[in-house]
Amino acid sequence: MPSTTAVRLFVTHLATRLAFALLVGFGHNYSLQPDSYWLIRFADQAAQGNFDFALDRFIASPLFPVVAGGSKWLFGPAWATVLALFQIGLAALSGVYLYKIGLILFNQARAALLGSLLYAIFPFTLWWVHTFSQESLFQSLFIFTFYHLVAFLRQPAWGRLAAAAGLFSLSYLTKSHVLLFSPFVPLLFLHFFGWEAKTLAYSLVFAGIAVGFSVPYGLYTHARHGTYVLSSNGATYQFYLGNTEAGYRAVVDVPPRGSAEFEQVRDINVTAGYFNGSVARYDSLLALPQRIKQPLFFQTAWHWIKQNPTKWLKMKLYDAGLFLLPGLSFQYYGFWQWLASLTLSLPVYLAAYRAMVRHLRTDYRWASPVFYLFVAMLLFSTVWYVQNRFRTVTIEPFYLLYSAWGGLPWLTKWPGAERWVIRLTAVYGLAK
């Protein structure tokens, strides 16, 4: 039986996510993410048994189109409502699991509760909850993954390890960037279990399950395109975007807002050839078979790096800064939008960074799961291409947990705030 706390948290998260969806427009499932259109086009294919999810740029991760296609196949005209409610329900459940993660990491129910409640209301965690895109599904699946991983670290059992590996597989089959976290999993096992035979066994089992989940889609893409794809082969294209003149103009030398070039840089997937000096060459690259074009994307980027080392270094520093800086990008959003996002996010980020440093100093083992996730996302944002929606759906829920844990001692120094914490504790069924 679920605990009183878990049930009440689920209802809270369900209510905030339904309220947001209704406020934005429950049927506005495409307006917040341009990728929604091609993802649902692939869902139409999947409903007909066609799982070739190749774009002109790369082969896309399969899980969201398959889930959306399954909704179309099973529920017909009601598919959109069912899919939106499924995403909202899964996101509400992820709020409960975030609370459970906080309990394990900090062993403090109050901090875990406060972190979960922040996740219930923080605008950026709500943003894609009913949008037909990979973001909401990925965020929920990865929170489930993280819970089973840290639960396994606390109390090893083969079932927990299998659950963590299986859910990690579903996560990377939704958004493949999270594969960057996979090398850190054996390192976590080493921290917790030492140089033992079981550490190697755990690592091999986790890797075996994760690789095994890739086999159906990998064999399918190999048959269709002559290349085995774990989830998506977009890493080389993203490297191309993030390490050429197009990336430099998109991140460092952004054209003035409102100009014709600014509109072009906003659609960089289409206009990369313009900024990289040859529309014809870019179009010719896109027209090549997948197994040929991806290495050429990498070679083109590597050539630009060697020819422009100073610009490349400057761009990487910008990438890192934009990853660390909370809120929306000041380069692409109006002043008031940027200021509102910074005002909401800055206290969370500052408290989270401070708390993470404190946790690393006092208990490195239990701080390491989120710290290694931070390192993986920093690598993604700098080596490849800074896109902070990836940061939002991957690591911001854990920032909320850390900000709650780090801010709670300060918060309870104020009598009024302490009373609110006590009331919340009682409402959600926790002992004082």
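Predicted model: local features only at pLDDT ≥ 70, side-chain atom pairs only at ≥ 80, totals over all residues.
Residues are numbered from 1 along each chain as its sequence is written. Local features need pLDDT of at least 70 and side-chain atom pairs count only at pLDDT 80 or more, while totals for chains, interfaces and linings use all residues, and side-chain values use heavy atoms, without hydrogens and water.

**Cores.** Select I101, F146, F181, F189, F398, Y399 and Y402: these have the most contacts inside the largest nonpolar core, which has 116 residues. A nonpolar core is a set of buried Ala, Val, Leu, Ile, Met, Phe, Trp, Tyr and Cys residues joined through side-chain atoms within 4.5 Å; buried means under 20% relative accessible area with a 1.4 Å probe, protein chains only. Helix α7 (residues 134-154) gives the most to this core, with 13 residues; helices are DSSP runs of H or I, at least four residues, numbered from the N terminus. Another core, of nine residues, lies apart from the largest one and includes L9, V96, L113 and Y428.

**Helix α14.** Select residues 268-275, where I268, T271, A272, G273 and F275 are buried. Their cover includes α11 (235-242), α12 (245-251), α13 (260-266) and α15. Just after α14, G277 has a positive phi of about 95 degrees.

**Helices α15 and α16.** Select 279-287 and 290-307: these helices pack at about 145 degrees, with axes 8 Å apart. Axes are lines fitted to C-alpha atoms over the stretch in contact, and angles run from 0 to 180 degrees between N-to-C directions. R281, Y282, L285 and L286 in α15 meet K293, L296, F297 and T300 in α16, contact meaning heavy atoms within 4.5 Å.

Note on methods
Helix = DSSP H or I, 4+ residues; strand = E, 2+ residues; numbered from the N terminus. Buried < 20%, exposed > 50% of the residue type's maximum accessible area, 1.4 Å probe, protein only.
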